[in-house]
Amino acid sequence: MSKLNRVLFNVLCKDLAASSAFYKQLFGLETIYDSDWFVVLSPKGQPSVQIGLIDQMSQFTPRHAWGMHEGTYLTFEVDDVFDVLEHARAMGAEVVSEAIALDYGQTRGLIRDLNGMVIDVSTPTAELAMREEVIIEDDDRGTAIDQQQPGDRDAVSRPVW
């Protein structure tokens, strides 16, 4: 079996420069590679954690990947999901779902990037336990598929505003 050397998630971008600025500003990422069709970003001091941004119409973008981001979403685990959602909102990003403490141990909020990609911003709920706005309600939903989803009428858990 061949050895895996790297895993890189590439986001198709309508405007590469604007997308690069968005991810850098929201998550504090740094550019580790930059060209007119492809940018690789990484958190400072964590070169093995990378995200690629690629011009959706580049000659190097597989034609089979062109179009909408279907069947995927991107997750960023951060130290404060509430702070990132507030920052995203201040940047004018669409907040798809406010932060919700899910009973599998993550507090998750959803935003949409400039290209329509859904971004899951999560923090382990235990790390947020001291915050008053995090409430976890007991429910018998036992698997991830059973967890509350945006648009559910009866919240399993919710922030208090």
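Contact here means heavy atoms within 4.5 Å of each other, and helices (H or I, at least four residues) and strands (E, at least two) are DSSP runs, numbered from the N terminus. Before we start, this is a predicted model, in which local features need pLDDT of at least 70 and side-chain atom pairs count only at pLDDT 80 or more, while totals for chains, interfaces and linings use all residues. Residues are numbered from 1 along each chain as its sequence is written, and side-chain values use heavy atoms, with hydrogens and water left out.

Four strands make up an open sheet in the order 5-8-7-6, with mixed pairing; two strands pair if DSSP finds at least two bridges between them. Strand 5 (74-77) and strand 6 (94-101) sit at the edges with a single partner strand each, so one side of each has no neighbour in the sheet. From one strand to the next, the twist averages 20°. Strand 5 and strand 8 (residues 118-124) run parallel and are joined by four bridges, and F76 stands opposite V121 of strand 8.

Now put a helix on it. Helix 1 (residues 16-27) lies across strand 5, strand 7 (106-112) and strand 8, and runs at about 15° to strand 8. For that angle, axes are lines fitted to C-alpha atoms, for helices over the stretch in contact, and angles run from 0 to 180 degrees between N-to-C directions.

Stay with strand 8 for a moment, where S122 has its place. S122 counts as buried, at 4% relative accessibility; buried means under 20% relative accessible area, exposed over 50%, and partly exposed in between (1.4 Å probe, protein chains only). Leaving aside neighbours within four places in sequence, S122 is in contact with T75, F76, E77, V78, V81, Q106, T107 and R108.

What about helix 2 (residues 81-90)? Its buried residues are V81, F82, V84, L85 and A88. They cover an arc of only 165° around the axis, which puts them on the same side of helix 2; that arc is taken from the directions from the helix axis to the C-beta atoms. Just after helix 2 comes G92, with a positive phi of about 90°.

L26 and M91 are 65 residues apart along the chain, yet their C-alpha atoms are separated by 8.2 Å. At 6% relative accessibility, L26 counts as buried.

Finally, the charges. Side chains of opposite charge can pair when their charged atoms come close. A salt bridge is a side-chain nitrogen of Lys or Arg within 4 Å of a carboxyl oxygen of Asp or Glu, and by this rule there are two salt bridges. In one, R89 pairs with E98, and the closest N and O atoms are 2.4 Å apart. R89 is partly exposed at 41% relative accessibility, and E98 is partly exposed at 31%. In the other, the side chains of E94 and R112 meet at 3.2 Å, N to O. This pair links distant parts of the chain, with E94 in strand 6 and R112 in strand 7, 18 residues apart. E94 is partly exposed, with a relative accessible area of 43%, and R112 is partly exposed at 29% relative accessibility.
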